[in-house]
Amino acid sequence: MDNPSRSEKTRNAVIQAALAIIARESGISKGGLMHQFRNKEAVIKALLEHQIQHFGDFSKRYLAENGSAPEPHLAAQIATLRETLTGQRAISLAILGAVAQEPGLLSITKEIDASTLKAIKAEAADPELATLRSLAAYGLALTAMLGISPIPEKERSRLFDRLLDDRRWAAPGSDAAKRGDDTHRVRKPAPPGARSRVRRRQPSA
């Protein structure tokens, strides 16, 4: 079998597996699923578009409720990526696998991601730091979705909390950093004997 034929066989196998997972998770037969669409690729595209719409709506609601945040688009992006982990993981994996075989479908998400990143950079005091926070959230979400994350769920949740907390990323001396001082400053313990020395010290006459 030549390479093009092998690639086509692999592509079809991945899409067939994706359809089987999607049908099972949706509670309908594979035949019933295909009856609604003209071909297998149309099923994957429809599901991808549905996911995009769903999380796009979530992002808009988050922006509406948190528009006063210092960097609202970044916060919405991080929160939305966190939200992707609350859905049906099997379907998400199936879509990822199928889309990998149909890279043209990714053009939709690339345009959305580029627009979102542009908005994030435009509002950020430090565009590079904002980009790093956004990509860190992508990494947390994607590795968890793929089942290859080296960290437990509770730790991942804390990391998402930190990515969302602007006070943890503010420049030293800024108003945002000062607001977070009492909450996030690590206080070093006094050296041994320091307290007793303080107690013994008497005011001069």
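Reader: Which pattern does the chain follow, read along the sequence?

Author: Helices (H or I, at least four residues) and strands (E, at least two) are DSSP runs, numbered from the N terminus. Read in that way, the chain follows the pattern α-α-α-α-α-α-α-α-α-α, and its secondary structure comes to 10 helices and zero strands. This is a predicted model, in which local features need pLDDT of at least 70 and side-chain atom pairs count only at pLDDT 80 or more, while totals for chains, interfaces and linings use all residues. Residues are numbered from 1 along each chain as its sequence is written, and side-chain values use heavy atoms, with hydrogens and water left out.

Reader: At what angle do H3 and H6 pack?

Author: Axes are lines fitted to C-alpha atoms, for helices over the stretch in contact, and angles run from 0 to 180 degrees between N-to-C directions. Angles under 35 degrees count as roughly parallel, over 145 as roughly antiparallel, 65 to 115 as roughly perpendicular and the rest as oblique. Helix H3 (residues 40-65) packs against helix H6 (residues 106-123) at an angle of about 15°, with the axes 10 Å apart. H3 and H6 are therefore roughly parallel to each other.

Reader: Which residues of H3 and H6 make the contact?

Author: Contact means heavy atoms within 4.5 Å. H3 contributes Leu48, Glu49 and Ile52, and H6 contributes Ile108, Thr109 and Ile112. Ile112 and Ile52 are 60 residues apart in sequence and 9.0 Å apart in space, C-alpha to C-alpha.

Reader: How do H4 and H6 pack, and what residues make their contact?

Author: The angle between H4 and H6 is about 135°, and their axes are 7 Å apart. That makes H4 oblique to H6. Pro72, His73, Leu74 and Gln77 of H4 make the contact with Thr116, Ala119, Ile120 and Glu123 of H6. By class, the residues of the contact of H4 with H6 are four nonpolar, three polar and one charged.

Reader: Is Gln77 buried or exposed?

Author: Buried means under 20% relative accessible area, exposed over 50%, partly exposed in between (1.4 Å probe, protein chains only). Gln77, in helix H4 (residues 72-83), is buried, with a relative accessible area of 11%. Not counting residues up to four places away in sequence, Gln77 touches Thr116, Ile120, Ser134 and Tyr138.

Reader: Which residues touch the most other members of the largest nonpolar core?

Author: A nonpolar core is a set of buried Ala, Val, Leu, Ile, Met, Phe, Trp, Tyr and Cys residues joined through side-chain atoms within 4.5 Å. The largest nonpolar core has 15 residues, of which Leu19, Leu33, Ile44 and Val99 touch the most other members. Helix H1 (3-26), H3 and helix H5 (89-101) each supply at least two residues of this core. A second, separate core of 12 residues includes Leu81, Ala124, Leu140 and Ala141.

Conventions:
Ala, Val, Leu, Ile, Met, Phe, Trp, Tyr, Cys and Pro count as nonpolar, Asp, Glu, Lys and Arg as charged, and the others, Gly among them, as polar.
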